Amino acid sequence: MNIADNTLTPSTPNRRLVIVVRADPVICGHSGEARCLAEVALTRGFDDVRIVTWPLDALEAAGLPLKPLDRVLPYSPGITVERPDPVGDYRVPDGRYLSGLIGRLVELFSDGVPTVAMSLYLSPHAIGVQEAAQVARGIGPARVTTVAEAVGSDITNVVRECVATGRFGAAAHILSVYLAADHCVAVSEYTRDLIVASAAALDAMHGTTFAQRCRERIAISYPAVDSWSYLSLTDDRIAETLTRRGLSRDGYVLFLSRIASAKGVDDLIDAYVGSRSAERVQLVLAGRGPQEDEVVARVAAAGLGERVQVLTDVDDAEKPALMAGSAAFVLPTREQPEFVETFGIALVEKALAGGGPIITCATGGVPEAVGDTALLVPQRDPDTLRTVLDEVVCDWTREQRAGAERRARAYALQFDRIAVFDRLFTFAEPHAVHVG
């Protein structure tokens with residue numbers, strides 16, 4: 001699978017950007033964010049841009065939802081994707097992959113090239129970056145600036161859970177690693193508030209001072225989105241994609257996200273059952289995730305087999321067209337102990353693509369992603385969702401739809417990858433910003 005192209009990387013680079021993330025083929029908004037930041041870096045004076053991630057077999061073994069391997073979009077020439085092999089034997093099954101990643105980062109940080117190293121996810125990526133930076137600084141003249149970006153699951157899956165279960169050491173470790181970075185950012189105001197609240201709970205239990213340091217250190221850097229992929233859509237491309245999928249423009253309601261409980265896909269199915277919309281449009285559920293089998297069974301039990309399509313093989317190339325052709329885009333995300341939608345990258349992508357209005361829930365950071373441009377319904381409320389869905393699909397005029405589309409797109413443009421990159425690197429490395 002050729003998804004990397006390092007043919008333009010010079011033998012003696014002048015400036016390097018390293019991004020550590022769960023990269024493609026993982027289905028994750030932050031893998032797309034890493035791609036966007038890497039692409040912009042090529043226009044901002046970085047002549048060595050690398051994404052350091054995990055071997056494919058490790059990603060598959062972890063059970064992560066993956067895109068079809070043969071349809072992952074190639075990276076731009078000049079971006080190198082590295083998947084360091086594990087270090088050690090089978091007796092250290094998890095640590096050997098992290099050791100391999102850290103070892104490669106030490107090598108990149110130790111060769112004298114001025115480097116910005118950005119980690120998306122604190123555990124384990126920020127841990128790896130900080131350990132590598134410490135080693136590199138200890139053995140030579142490392143010229144590395146570290147940026148740690150916290151996403152929602154860093155807190156809901158790690159820090160908050162540790163606080164709730166009394167696992168002081170693990171929570172203190174994650175927050176200490178985060179605060180050790182040269183620059184700390186969070187993907188939304190909601191995420192920053194969540195971090196501070198969790199840190200305050202830890203402080204109250206153990207007399208630490210994490211919360212105040214988090215308040216002082218954490219800045220906001222919203223996820224970067226490639227606007228052009230959505231703004232450059234043509235009617236022909238939309239029609240071609242829909243025809244291939246057996247769909248017609250404005251002839252379906254779209255859910256496109258991870259198929260998991262926290263995304264509320266079961267609420268959408270329940271809302272669609274018995275709706276006026278079901279008589280007019282199909283329902284398309286696109287994505288991968290742990291509840292794929294349950295969703296298929298739920299659709300069959302509701303007798304909707306001919307009205308609902310479950311697509312588990314949607315690739316990045318056709319995603320914009322599917323969004324643009326939908327009569328409405330529905331993401332009834334809900335707060336659960338292990339997950340909160342701390343931003344909502346798919347909502348921004350849909351707003352840029354155009355098409356029917358967005359219907360979602362005001363959970364977590366969703367209000368920051370959509371502003372006042374989406375229709376918000378209560379979480380876990382299929383009845384209200386059905387009412388709103390019927391209204392926009394069956395009752396809205398063409399003028400209402402066009403107005404909603406314009407407002408949503410105008411709001412979403414603030415998350416364009418160039419604007420996000422330049423804002424981030426203004427404080428991460430002021431001298432690194434060049435107009436490309």
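Biologist: Which helix gives the most to the lining of the second largest pocket?

Modeller: That's helix H18 (residues 398–412), with 5 residues. A helix here is a DSSP run of H or I, at least four residues, numbered from the N terminus. Bear in mind that this is a predicted model, where local features need pLDDT of at least 70, side-chain atom pairs count only at pLDDT 80 or more, and totals for chains, interfaces and linings use all residues. Residues are numbered from 1 along each chain as its sequence is written, and side-chain values use heavy atoms, with hydrogens and water left out.

Biologist: What makes arginine 417 count as buried?

Modeller: Its relative accessible area is 18%. Buried means under 20%, exposed over 50%, partly exposed in between (1.4 Å probe, protein chains only), so arginine 417 is buried.

Biologist: Where is arginine 417, and in which helix?

Modeller: Arginine 417 sits in helix H19 (residues 417–428).

Biologist: What is arginine 417 in contact with, leaving aside neighbours within four places in sequence?

Modeller: Cys36, Glu39, Val40, Ala224, Val225 and Asp226. Contact means heavy atoms within 4.5 Å.

Biologist: How do you know what confidence the predictor has in the chain?

Modeller: From pLDDT, the predictor's confidence in each residue, from 0 to 100. The chain's mean is 92, and 95% of its residues reach 70 or more. Over residues 430–436, though, pLDDT stays under 50.

Biologist: What does UniProt place at residues 250–404?

Modeller: The unreviewed UniProt entry gives "domain: Glycosyl transferase family" there; such annotations may be inferred rather than shown by experiment. In the model, that span is 41% helix and its end C-alpha atoms lie 15 Å apart.

Key
Helix = DSSP H or I, 4+ residues; strand = E, 2+ residues; numbered from the N terminus.
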